[in-house]
Amino acid sequence: MGFEYCNPGWSYGPKRREYHFIHFVKEGKGTLTIEGHTFHIHKNQCFIVPAGEVSLYAADKKDPRKYSWIGFLGIESGRYVQQLISNKNFVIDIKLL
């Protein structure tokens with residue numbers, strides 16, 4: 001679990017992790033690249049990366065993102081993550097307080 005203010009243009013990956021993780025975008029925008037697709041992400045969205053998937057995510061150069069994240073793994077976690085990303089939609093609109 002963590003929280004980060006990204007520098008403009010900051011990126012991480014491509015990387016494969018052994019656990020699932022969810023990033024909650026609190027401000028700014030950026031991109032997520034996974035399974036050959038690039039998703040544009042912004043405030044009030046989260047993105048989910050399943051364990052074992054290679055991903056690359058980056059902050060916008062003009063409006064970098066601020067986000068919190070959580071990584072997890074468990075007996076049924078893979079099944080729950082697959083339900084969240086049905087139809088390979090790794091980005092979900094949410095309302096953050």
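E35 counts as partly exposed, at 35% relative accessibility, and in this predicted model its side chain meets that of K88 in a salt bridge, with 3.4 Å from N to O. This pair links distant parts of the chain, since E35 sits in the loop between β4 (29-34) and β5 (37-42) while K88 sits in the loop between α1 (77-84) and β9 (91-93), 53 residues apart. A search of the whole structure finds 3 salt bridges, and the points below set them beside the overall architecture of the protein.

**Fold and dimensions**

- The secondary structure of the protein comes to 1 helix and 9 strands, and from the N terminus on the elements follow the order β-β-β-β-β-β-β-β-α-β.
- The radius of gyration is 13 Å, close to the 13 Å that the globule rule gives for 97 residues, so the protein is as compact as a globular protein of that length.
- Along its principal axes, the C-alpha trace spans about 40 × 30 × 25 Å.

**Burial, contacts and surface**

- Of the 97 residues of the protein, 33% count as buried.

**Charge**

- The protein carries 13 positive and 9 negative side chains, and the centres of these two sets lie 4 Å apart.
- Side chains of opposite charge can pair when their charged atoms come close.

**Salt bridge between K66 and E27**

- The side chains of K66 and E27 meet in a salt bridge, at 2.9 Å from N to O.
- K66 belongs to strand β8 (residues 66-72) and E27 to strand β3 (residues 20-27), so the pair ties together parts that are 39 residues apart in sequence.
- K66 is buried, with a relative accessible area of 14%, whereas E27 is partly exposed, with a relative accessible area of 40%.

**Salt bridge between E35 and K88**

- K88, the partner of E35 in the salt bridge, counts as partly exposed at 42% relative accessibility, and E35, at 35%, likewise counts as partly exposed.

**Salt bridge between E76 and R79**

- The side chains of E76 and R79 meet in a salt bridge, at 2.8 Å from N to O.
- E76 is partly exposed, with a relative accessible area of 35%, and R79 also counts as partly exposed, at 44% relative accessibility.

Terms used. Residues are numbered from 1 along each chain as its sequence is written. This is a predicted model: local features need pLDDT of at least 70, side-chain atom pairs count only at pLDDT 80 or more; totals for chains, interfaces and linings use all residues. Side-chain values use heavy atoms; hydrogens and water are left out. Helices (H or I, at least four residues) and strands (E, at least two) are DSSP runs, numbered from the N terminus. The radius of gyration is taken over C-alpha atoms; the globule rule is 2.2 Å times the number of residues to the power 0.38. Buried means under 20% relative accessible area, exposed over 50%, partly exposed in between (1.4 Å probe, protein chains only). Lys and Arg count as positive and Asp and Glu as negative; His and the chain ends are not counted. The place of a charge is taken as NZ of Lys, CZ of Arg, CG of Asp or CD of Glu. A salt bridge is a side-chain nitrogen of Lys or Arg within 4 Å of a carboxyl oxygen of Asp or Glu.
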